[in-house]
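Let's walk through this structure together, one region at a time. Keep the sequence and the 3D view open beside you as you read.

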Amino acid sequence: MDTKTIAIVAIVLFIAVGAGAYVFMGGNKGGQARPDAGSPKPGGEAKEFSMTSYYEMVDGKPKTAFSLKEMQVKKGDRVRVKITNTKGAHDFVIDEYNVRIETPLNQEVVAEFVADKAGDFIYYCSKPNHREWGQWGTLRVTG
Ligand SMILES: [Cu+2]
């Protein structure tokens with residue numbers, strides 16, 4: 001083989017090995033979104049809840065509440081909470097998950113987070129006195 005032939009063989013080998021490695025590595029990295037991008041961790045499911053948030057007078061006393069008192073999910077689940085404020089001024093807060101969302105009147109808002117910590121957490125409304133008047137519930141995340 002002369003020098004030119006050796007050079008061509010070397011180039012062909014280089015391309016063949018490179019292509020093989022490309023396929024072996026999974027190919028097209030970054031060229032398209034991986035199907036699992038942004039989805040829950042393995043085993044995690046999407047859990048959806050909906051509730052209303054309201055204000056009313058009971059026996060002459062103000063009462064504020066969420067219609068749902070408890071939500072139960074598994075650790076790693078992606079949680080979507082749909083909240084519709086039907087009366088009053090409210091928000092929706094879970095301190096441990098850094099969830100804090102205003103809930104304007106007669107609009108459905110969605111709070112979304114991944115439940116990556118196990119335990120019982122309180123969700124509540126942070127408007128003055130609302131939590132004391134009963135506007136809170138328990139998010140139970142089982143390990
Ligand atoms: Cu409230």
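Asn-106 is exposed, because 9 other C-beta atoms lie within 10 Å of its own. Asn-106 sits in the loop between β6 (99-103) and β7. Its phi is near 60°, a positive value in a residue other than glycine. Most residues other than glycine have a negative phi.

Before going on, two notes on how to read all this. This is a predicted model, in which local features need pLDDT of at least 70 and side-chain atom pairs count only at pLDDT 80 or more, while totals for chains, interfaces and linings use all residues. Residues are numbered from 1 along each chain as its sequence is written.

Asp-59 is another residue to look at for its backbone. Asp-59 is not a glycine, yet it has a positive phi of about 50°. You will find Asp-59 in the loop between β1 and β2, and the hairpin of these strands has two residues between them. Asp-59 counts as exposed because it has 5 C-beta neighbours inside 10 Å.

Now step back to the whole chain. It has one helix and nine strands, in the order α-β-β-β-β-β-β-β-β-β along the sequence. Helices (H or I, at least four residues) and strands (E, at least two) are DSSP runs, numbered from the N terminus. Buried residues make up 18% of the 143 residues. Of the contacts with a separation of 6 or more, 66% are between residues 24 or more positions apart; a contact here is a pair of residues whose C-beta atoms, placed from the backbone, lie within 7 Å.

How are the strands arranged? Four of them form an open sheet with mixed pairing, in the order β2-β1-β4-β7. Two strands are said to pair if DSSP finds at least two bridges between them. At the edges stand β2 (61-66) and β7 (108-114), each with a single partner strand, so one side of each is left without a neighbour in the sheet. On average, neighbouring strands of this sheet are turned by 20° against each other, direction ignored. The axes behind such angles are lines fitted to C-alpha atoms, for helices over the stretch in contact, and angles run from 0 to 180 degrees between N-to-C directions.

β1 (residues 46-58) pairs with β2 in the antiparallel sense over six bridges. Here Ser-53 stands opposite Phe-66 in β2, and Met-57 has Pro-62 in β2 as its bridge partner. Ala-46 faces Arg-78 in β4, while Ser-50 stands opposite Lys-82 in β4. Finally, β4 and β7 pair in the antiparallel sense over seven bridges, with Glu-112 in β7 as the bridge partner of Arg-80.

In a regular strand the side chains alternate between the two faces of the sheet. In β4, the covered face holds Val-79, Val-81, Ile-83 and Asn-85, and the uncovered one holds Arg-78, Arg-80, Lys-82 and Thr-84.

What lies in the interior? A nonpolar core is a set of buried Ala, Val, Leu, Ile, Met, Phe, Trp, Tyr and Cys residues joined through C-beta atoms within 7 Å. The largest one has 14 residues, and Val-73, Phe-92, Tyr-123 and Leu-139 touch the most other members. Two or more residues come from each of β3 (70-74), β4 (78-85), β5 (90-94), β8 (119-124) and β9 (136-142). β4 gives the most to this core, with three residues. Leu-139 is in contact with Met-71, Ile-94, Phe-121 and Tyr-123, leaving aside its neighbours within four places in sequence.

One last stop is Trp-133, in the loop between β8 and β9. Trp-133 counts as partly exposed because it has 18 C-beta neighbours inside 10 Å. Trp-133 touches Pro-62, Lys-63 and Thr-64, not counting residues up to four places away in sequence. Although Trp-133 and Pro-62 are 71 residues apart in sequence, they are 7.0 Å apart in space, C-alpha to C-alpha.

How values were computed: A residue is buried if 20 or more other C-beta atoms lie within 10 Å of its own, exposed if 12 or fewer, and partly exposed in between; C-beta atoms are placed from the backbone. Two residues are in contact if their C-beta atoms, placed from the backbone, lie within 7 Å.
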